[in-house]
Each structure stands twice: as structure tokens, then as C-alpha cells.
Amino acid sequence: MKNTVSIAFLRRLLTFTVGTLDAMNGAMFDASCCRLLSHAKSRSREGMLRVPLRVFASLRLCVCVSLMGLLVAVVFGATIGTVRADEKENVKPVDFARHILPILSNKCFVCHGPDVQEQDQLRLDTIEFATADRGGYQAINSKSPLESELLVRLHSADEPMPPADAEKKLTTAERDLLTRWVQQGGRYATHWAFVPPRKTEPGINDPSIRNTIDGFVLGELRKRDVGFAPEADQRTLARRVALVLTGLPPEPEQLAAFLNDSSADAYETLVDQLLKSPRFGEHQARYWLDAVRYGDTHGLHLDNRRGIYPYRDWVVRALNENLPVNEFITWQLAGDLLPQPTLAQKIATGYVRLNPSTGEGGAIPAEFQMKNNFDRVETLGTVFLGMSLTCARCHTHKYDPIPQTEYYRLLAFFNSTAEPAMDGNKYEYGPVAKAPKDQAAWDQWSNLLEQRGQLIRTAQLILDDGVSLSQDALKQWLGGSGVERLKMLAYWQGSVAMEEVSKRAVKILKQSTEAEAAFTTTLVAQDLPAARTTQVLRRGEYDQPMGEPLQPGILQVMGAFPKDAPLNRLGLAQWLTSRDHPLVARVLINRVWQGVFGDGLVRTPEDFGLQGRQPTHPELLDWLAVELHDSGWDRKHMLRLMVTSRTFRQSSAWRDDVDDPENLLIARGPGYRLDAEVLRDVALWASGLLDPRMGGEGVKPYQPGGMWKALAHPGSNTKDYIADKGSLLYRRSLYVYWKRTSPHPMMTIFDAPDRESSCVRRSRTNTSLQALGLLNETQRVEMSRMLAQRLLTQVETDPTRLNTLFNLLACRNPTENETAVCLGLLRAMKERYAGSGKDAVALLSLGDAARDDQLNPAEHAAWTQVAVTVLASDIAILLY
Amino acid sequence: MQSSSPIREYELMVTRRQLFGRMALGLGTAAMSQLLDQDLLAGRAGELSATHHAPKAKHVIYLFMSGGPSHLDLWDYKPGMQQMFNQQLPDHVRNGQRVTGMTASQKNGLPICPTKYRFTKHDNNASGLWVSELLPHMASVARDICVTYSTFTEAINHDPAITYIQTGSQIPGRPSLGAWLSYGLGSMNENLPHYVVMHARTNHAEQSLFNRLWGPGFLPSDHQGMLMRSQGDPVLYLSNPAGVTKSDRRTQLDALAALNHEQHQRFADPEIVARIRQHEMAYRMQTSVPELMDLSTETADTFQLYGEDARTPGTFAACCLNARRLAERGVRNIQIFHRGWDAHGGLPREHGSQCKDIDQGCAALITDLKQRGMLDDTLVIWGGEFGRTAYCQGNLTRENYGRDHHPRCFTTWMAGGGVKPGITYGQTDAYGYNIADADGNTLTPQPSKEKWTPGTMHIHDLNATILHLLGIDHKRLTYRYQGRDFRLTDVHGHVIHDLIS
């Protein structure tokens, strides 16, 4: 007892000292005081000192500490002015969610987090645990904060926290922050991302502001006494927005129209054109396909072909048609569970089937059933919740408040799907749907559906007009699906009024049957009549279930399961898209922002948890998330807001007056190397080779020989890469065949992921392999020579050819210097190839595209070299 | 530039900013060229500014036997099994452990299958090393290698098992060992790829390989291994297109640099300057890689050592010789994949051919490195994703048999790079089925954060040990992804000091 008393006494004394010294910014002294104190405490805890001695020791310490306080007071007395300033800083409340929780999470939760194993182990993840009585003391004492044990241990030399052998140590700044936080009462708040977003207005007026986005961004800029960067010039802006929205530069006519349009909303007109372009969906779909790990092969073992590309085509359609984002989510997760699902809704459930799968002989199905489920839960987490949840597979999450049981509840939503655990190395396995084989077929099919609907409406009018029907026929008509009614109409007899309708029904039916006959198959989701049993698995081992069977359920920290929602994937989708879900809208809109600006407002789009980075503009993120809801989940509306903002229109030149290499302030426009697909598409487009046909089975452009064979199982049906012929070589890169164990090298060299696991942010590296690829790859050369051919056949003189080249790729004429450089290169190459016709023809023979042999080979080869060079330069490969 | 690590990104930015930031706004082309020329031949720094402790090894050459070589036919000598031919594996030995779907229900049960090969004992620096007659050349380097009989994992199928060995996780998505090393240590020679992967020719390519095995996982993708191919360009897109000479390329690159300089003047983005550097490096690689692949400077002695096979590109021996040449030129990380070890049936025929492929090359590599004084700082590792069962898969005769997958114990060896030469480590029971202690009692080790069972080597332990030899504390080489500081060894791994000299 006496022991406790003396420690409490010392702690009070320390309270005084810490208070005084901290105010004086005397961290060093205060730490040494703590050291003294904690020394005494740890010794006495071990019971090594007898009572009298202990008292004596305490007394001696008191003297020391008091003397020190005095000394400090004297030393710092002279600088009282500075002290006041610091004091002010120290009184400023520490933001728990923004500053403290990340430290606790990163440095303390590994032992004191949600997953502590022993009952009496301290937990710091909630205020209840942190303030619990621990036998005479509290980790955080909210009433007398300065008596908090946390404070003592933070500064203890003998029993420091984190301990001396901890893998992660606190920095001085972190220690100071924690100290200040406890001194201020040690208050808790919920992690920002678990609090549903609310709209606030930026409350700032400035003529430069074009929409709400700008208010938030300018607000931060003003804090640094700067404003927006100047607007980029019209040409740069047109190129930028076209690349951002459609992944291609603007068409020359489009650019000209924009530049000639003197109306105030000329730019908005351009934006609307781009949003309507079919190229829009193709470009935006890539981001989604990375996230959901779309691939054309199973991924494991034989890595055989799998039938799922109609899902990819559906994504493109949904984006082009601007399907509301909430429906976009619902169809994918649970289209099959909607009442009378449409074909598109069923195809969309391919999302549930995108997990890599195996058909390896000897593999144990139960093991892979669970592996598939893990993958689905963790992908769901990354795509919609901004956290992988992987930790909770084996144990309660160390950082984020996600108990292991909830992980398995979430998993239970997927543990009922009908496909077998193993793919049997088959193109089709488990439930499949018949689907149109490309977008043209899909258009035709939609058209037929529309015609059918119209015809049925017409027939209804005729029926309403008094054509009599037998009771049975009426029942059949009223209860029949679209196709059943169409059939009824086709076989309708004995009614003159129906004759015309019936004839048309026959025609539509015939066309529909023909269209269907050309359908391909695609993997879809379907539930078993009875779900498999789900239990928590010890350490995530499939053969170690424990505890009671679990019902499907959601993560409690992210809001309630909607009332009356079914306990299946459809209910799961309703939860995700409910108004008060704190994460989904934020996570999705952050990725949309990332697609536009190059980086998200949360720079770790894969992690919105405690360990992730804080949003650079939290209020803006929340405003956007709520606006997404308010707009009826209108993706194009959101994109329009972003690209028409003043923020987006800024010049992307680095600024002399803002020291912000990461562009966290967004004080300049976006600037980054374009993605692998865009690099190829831009060159295909400029060369005139681009085949605009959409959808269909993955295409195979040139690839160095033997790349698949070197890896593949001899039994694999993807061991031989046979390049396509003709127009398939020139389809957009979105359609390039994605073999998961070996994607096309021009994709992976430029940072495309393998699509074996979810990727919501590609790295952007800069390597010598890329340099080699840009200048030497067959298709790059082919595209360059066709671009050269275009210039030579369509434009008269060399300088104007160069102008055309630059206008295609940069939307502007070359500068004087660029002209000199390029014409110089051209001259050198003309001379060189004039002397060696053989080399010229060799260069011009790369790739399958037909060469115009009317052209002088030396001139054509020389222009090819210029085109290769400009296409590889930063003028063409960067967004700016 | 955007990398996945905010810290790395920030540091890169800071460094670059100092170099190219504000100053560069007003910097002319000439001055920038000068900056570019500086230090072009030096390597790229890694995440670690210094290794955690003095490294013993600078290079790793990893000889990966894909498919799972039979420890029982190559290394792990079990003479007692000869008397148990065709008897059922006792239940107490199997001890309820799972077997794959391929042998779980075979008609002949689990009949014990002794090896048909003769083993002989060779002097090493301890009590000798038993080596199968399939590996005569390896027997000659018994004094140089450290053989571990007790390597193990929990993965029983190829795909997860090989992913486990290469990335420390059974599930795709994590960086490979080589990518971790590239991330941690950077490279020593920017004229060559820092992490090179070769696929050696085999007659039995039964199992597939995957890009992920040398992939970057969630690390920035420049850490991925580069495939050095024996067909076409050794490095993808290395050669100029037909009709383009080296001097054409030089002219072109000068124009390209001028265009990029102009872009830099306009935007001052430091990444542009970095890209100009990459083009120059690529240009130099166009010389250095063909020089590397040109074996005409090698002496007749070398080919005697590696065998005449080494003259044929793509053979295992040629890959081994290339590995030595790569290490000589400062490439840190070299990995050779040799497929075809998945002998479910007809093991003698398949393993016979497989061993012929690799035996001389492996031994020659060790000898060659040693002669050149390179073995001290070059760590050579040999192993597969698992071993093979003591019982037969399919029909069993004395002369012909097959074996199923067996991850519970298998043999790997290491040489050089600070590993004790000429010792063995760990042992298995009389059936080569379970890891055993020195008295032959079964051990059931588990990968564990706290506990490590002496005499055993989980894949996490092997990886921890490899990193240790390279000067890295496996617990401190981490990368923040999705909120977690990931490491190669997950939360496991123990450095096995018994193996380190």
C-alpha cells in the first residue's frame, strides 16, 4: 500500500514537472524526470527495496525533481516570450482521429489492439479499455490526465513503452503528440473513415472558383498564401481531358471545333462529347477490371482459358450507359437474386466468379472452397471498403476493429455459390449464362428486346381494344415473360387485328433465335438451395473450424444491416449501397478522383483503415462521397464536376512558389506517365490502325516467341501464344488477352498488374526495360511506320507533316526547337536510308500492316524513325 | 513517379527535389546533361540505407527444382526401407496427416517404396554425406555444401507450394524473394538487370511456372525479376528493330533527349530527367547484355567443368555458367528454374533425365565460384517446393515407381555466402516421412512466431536465414501495404544460426 502511495505521490510530483516543463518545451528534462521516477517504481515493484529505504529514495527523488524544476525555471526564465508561443501550440487540442489513432494503430496495437489474447492485457483501441481500472491506476485517467500510467510509461527509461525490443519505436514527435493528447484528457474519437460522410460547404468565395471542388482546394492553398496555378492553355487542356475521360487524344475535328468555339461553355461542350463517346467506357473499365482482377484465364495450375469476357463487355456497357453506381454494384454482387433478372444482370454477376481458380490434380476441394472464399471477401474489402480484411482471416484484426467472427460472417455471403471449388481446367465450370459475343451482338440483342417490348405494348393495346381471349390464354398472357408473350403473339391465330403484330412477332422471334444461337457463355453466380456451413477457422486453416455455424453478417463498425434486407448477396449489396455506409462512396469516389488526377485524395486507395494515409482534403472527399449519393449515384456527373473544376484546369508545371513534390495540395494540374494500355492505344489511334470494334474474346497482338511456352504446363490450352491476324491486332488494349500467369509483356513492363489479386492503384515506374520496349517492340515500330505513312500520304511538306504529328500527339504545333530537333533527325535518317535501301525496307517490313510501296522507302523509313522517337518522348507518353 | 510506398515516394521526391527541383526550373540543357552524366555507372540504392548487419553474401544464385525432387532418391539415405518394400506405411508414421487427392484412395494403399538407387558416403567436414548415384558430380562437392534434410512447408499442391517458397505466402499477390532483395538492397550494376531469372531446358516440363514467382507483388513493379531468355532477345526488346543500327539509335536517342529536355523546361517534372537516364541505361544494356551472353571468351577448362552442354543456350549448365557471369558483373540476384521433377509415375526415368540435366552444372557452379574466389560472397541455394512421398503412387516394383507430393520434410542445400561448408542439418525418420530429432523421434514443427524447433527449417526460416546472410534482419525489411507492414517471412521465421559460419 505504502508503495502505491509513494508512487502516486511521485506521479503527482511528475504531473507538476511535466506540466511545467512541457509548457516550456523542455522535453529532455521531462524525460529524465520520468526516467528517475520509473526507475524507482520498477525497482519497488520487484520488491527489492525495503519500505524505509523506498521512502528515502522517494524523498531524494522529490528533492532532485524539485531542484530540477527550479533550475529549469531559472534557465528558461529569460525566454518567457517564446514560451508563451509554445504554450499556445501545446494547448491546441490534438485531433485524436487524425493524429493519435494512426500512432496507436501503427506502434501500439500490435500488442494493445483489438486482438489481445489475454484477458488482463491492456487494450488501447477503445476508451473503455484504456480508462479501465487496472488495480489502482489507469492507462488513461480522464479525470486527472496527468496521473495516467500511459504518460509514465511513455517516458520511462526502465519500462518504456513501446518496449526497448519492440520492432517499431516512437519518434520524438509521436511521443510528444501522445503526451499532449493524454495531458489534454486522452479523449477518443472514431476513426474518420468509420463515420458516415457529411456535406459541408467550403465557405470561401473567390472569382477563380468554378465549382465546389475548387472551394475546398483553394481553402487549403490559401492557408499557404498561394492560389491556383494558371489555367493550362486550351490545347493542353483538351488533350488532358480527352486522355483522362477516354484514354485517347481528341479527334482533330473535335479539337478544331473546340478551339473555334468562342462560347463560354466551349470546354463543357467538349467534356460532354467525351463523356458520350463509346471510348469513355472502354477507358474507365480498365480501372474497374484491375480492381476486380478480371482475367481471361483461371490463374492457377494449368491456367487454362475461362469464359468470362462478356462480363468485361458488360462493364464497358454499364459505364457508357452510366448505370447508377449503386446498381452497378448490386448487379455484380447479386444480379441473379434480383426479381426476374435480365440477361445483363446475370452477366454482371461474373464479378462473383472472378477469383483465380485451380484444377490441380490432388488438390483438396474443401481447401480451395475456402481459398476462393477468402479471395472473394478480401477483394470485396479492397474494392468497396478500402481495406483487405486479410488479417481477420486468421485472427481479430490488429489495427482495424474487425473481429475474426465478422470476417467469417461476411464470407458466409459467398459460401453458398453453386460452382464447384475446383475449375476442372474447363472454359465453363459451374453456372454459366448465354451472352452476346461482342458489343455489336449486344447492341443487336438490345434492339431486339426493345422491338419485342414495343410489340407487346402494341398487342396489349389491341387486346385492350376488345380482342377476346380464352381464360387460359389470358392467364398465360398476363403471367408470361417477354419471350413467352412474344411466342404467343407469333403463334396467334384467328384474329385479324393481330395479324400484323403476329407477323412481326415471327420475324423478331426468328431474329432472336438466330442471335441467341451465336451467343457465347459466361460464368455467373448462382446460389445453392442450401448454403454451406460457415464457421470461424482457427488461424484460417480450412480443416480447423471452430464454434457455432455462422449466419451471413456484415462488419458492425461500418453501420447496420438494412432492415428487411435478405440475408444473402442482395442484402450485402443493399448494405454496401445504403446511405449511411461510411466507406463505399468514399472509397469509390476516391478512385474516380485518382483516375482523373493521378492520385487519390486518400493516397492509399487500398487502405482507408487506421494504417492508411489521411485524406489530403477530408471535407472535399466527404462532399464528393455525399454528392455521389445525392446525384443518384451518377458517375458521369461526378467526373464532369472533377474535369470542369478550376482545380483540374491548372497548368501541371511544377511551381516555384509551392514546395510540394507530391502535389498533396493539388496546387498544379495532373501530370503522370500514361498507363500501358493508353500508351499503345494512343499510337494505334495516331497511326490510323486502331480498330474501333468493341468487345469479344481477348485479342493477341504480337508477342516475343516462346513466352507462354516457357512457363506453361504441357497440358495447358494457353501454352502456345498464336498472335492474331488482321484487324484483331489493332483493337484497343482493353481487349488484349489477359493470361494471368503471363500477361502481355508490354502491359506488365508498364506496370499493369497480373490480375491475380485486386489492384486499385498501379505503380508508375520508370525503367530501362520500358525504354527498350518503346523503341524496339514490333507493334511500336509498326504503328510508327503507319503513322509515317499517314503523314507522307496525307500531308504535303516535311514541316507541315511535323505539325500534324505534333497536333495528333500533343494537340499543338512543335516549338522552334522541337522542329529543329525533329527535322534534324529526319535529315540524318533520310541520308542514312538513302544509302541503304535494304535497311529501309527491313524497318518498313515490321508488323503485318500493308505498306504503301509507292512511297520512297528511304523517306518512309526516315519518317518512321521520327515517329518512333516522338511517340516515345514525354510529349506523347505523359499526361500534362 | 509514383510508388506504392508513401515513405519511399517521399524520400525519392526529396532527393530529386534537391537535385532537380527549384534549381532545375532555370537549368539549361547543358547543365542538365552534366547532371545526367554523373554517376551513371553506379547502382541504384535500395530501401535500406545500410544493411542491418555486415552481410556475408552479396549475391544469391537460387537453383529452383520445380515439381518437387525426391529427397529419398537423391539425398536422404534410408537403407532400412529396403526391407519394407511394398509394406503399408504404418499409421503411426502417417499419423493422420493428409495426403493429396491423387493417392488418398488408391487401391494399393500407401506401399513403402525404397529407392532403387545406390547411395555412397562422401567425406565432408562433419560425419560424411550420403549421395545417390544419380548425382555423381554433386558428390564431388560434398565438402562445400550444407545439406538440410528437414525443410518443410504446409502446402501440398504445386501452385500454392511454389508460390509459398518464392513469396512466403501460398496465395498470389506477395513479392518474391528476389523482389524483396531488390527493394531492400538495390542493385550494384545499373547496366544489367538487378534480378535475373532463367528457365532451363528440361525433357519433363510437367508443371507450370508463373510470373508471380519472380513478380513484384505489391512492391513497385521495377523490382520484378527480369527473364533472361534463351530464345530471341535475352532481355525483352533488347535488339534494335531490323534496319536500325547502333549509330541510328544514338542519333535517335539524342533527338529524344532533346525533346524530353524541352518538355522538362516546360514542366520541371523531375521524372522526365529520370526517364532520360533510363534511355541511356537501356542503350548501354544493348551492349552489356550481348557481351554477357557471349561465351566465346570462356576457356576450354570452363567447358570441361560445366560440360559441353554449357555451349547450348538454355541448358541448365549454360544457365549456371551465365549465373556465374552475371554474379561477376554485379548482378545480385539470379534464379534458375528447372522444371520436370513432379514424378508421380516413372520416377526413375524422369529423375534420371532430370539429374543428368542439373548434376554437373550445379557442381561446376560451386567449383567455379570457389576457384574464382567468389563463393565466399555468393550464396548458392538448391531446392524444390516439396519432396516426395515414402510410399508409392501407382504400381510399385523394385525398378519402377512414382511418388506423390510431400511437404512434411524435404532436402535442400546451400553453399557459399557464409554458410558452413560440408555439414548436414536436421534429419528425418526411418521412412523419410517425418522430421525427426537426433534419436529418431518424430517432430511436428509448426511455423510459429515465438517457437522454433531446433533441427527443422520451415520455408520462413530458410528465407529469414537467406536475408540474414545478405545483411538483412527479416523482421525489419518491411513494406506498408493495405495498412500492414508486410515482410517476406510474414510473422514467422527464425534465422538458423547453426548453418552460418
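Chain B holds 14 helices and 17 strands. The model is predicted.

Start with the overall form of chain B. Its C-alpha atoms fill a box of roughly 85 × 50 × 40 Å along the principal axes. Buried residues account for 58% of the 501 residues in chain B. Contacts tell about the fold too. Among contacts in chain B with a separation of 6 or more, 76% join residues 24 or more positions apart.

Now turn to where the two chains meet. Chain A brings 89 residues to the contact, and chain B brings 75 residues. On the side of chain A that touches chain B, the elements that give two or more residues are helices: α30 (745–748), α31 (768–776), α34 (816–834), α35 (837–844), α36 (857–872) and α37 (874–877) of chain A. Of these, α34(A) gives the most, with 8 residues. What is the makeup of this side of chain A by class? It has 36 nonpolar, 32 polar and 21 charged residues.

Domain 1 covers 2–192, and domain 2 covers 234–276. Domain 3 is written in two segments, 301–432 and 530–577. Domain 4 spans 440–518. Domain 5 runs over 776–879. How many Å separate the C-alpha centres of domain 2 and domain 3 of chain A? These centres lie 40 Å apart.

Key: Residues are numbered from 1 along each chain as its sequence is written. Chains are lettered from A and ligands numbered from 1 in the order in which they are written. This is a predicted model: local features need pLDDT of at least 70, side-chain atom pairs count only at pLDDT 80 or more; totals for chains, interfaces and linings use all residues. Helices (H or I, at least four residues) and strands (E, at least two) are DSSP runs, numbered from the N terminus. A residue is buried if 20 or more other C-beta atoms lie within 10 Å of its own, exposed if 12 or fewer, and partly exposed in between; C-beta atoms are placed from the backbone. Two residues are in contact if their C-beta atoms, placed from the backbone, lie within 7 Å. Ala, Val, Leu, Ile, Met, Phe, Trp, Tyr, Cys and Pro count as nonpolar, Asp, Glu, Lys and Arg as charged, and the others, Gly among them, as polar. Domain bounds come from an automatic or database domain assignment.
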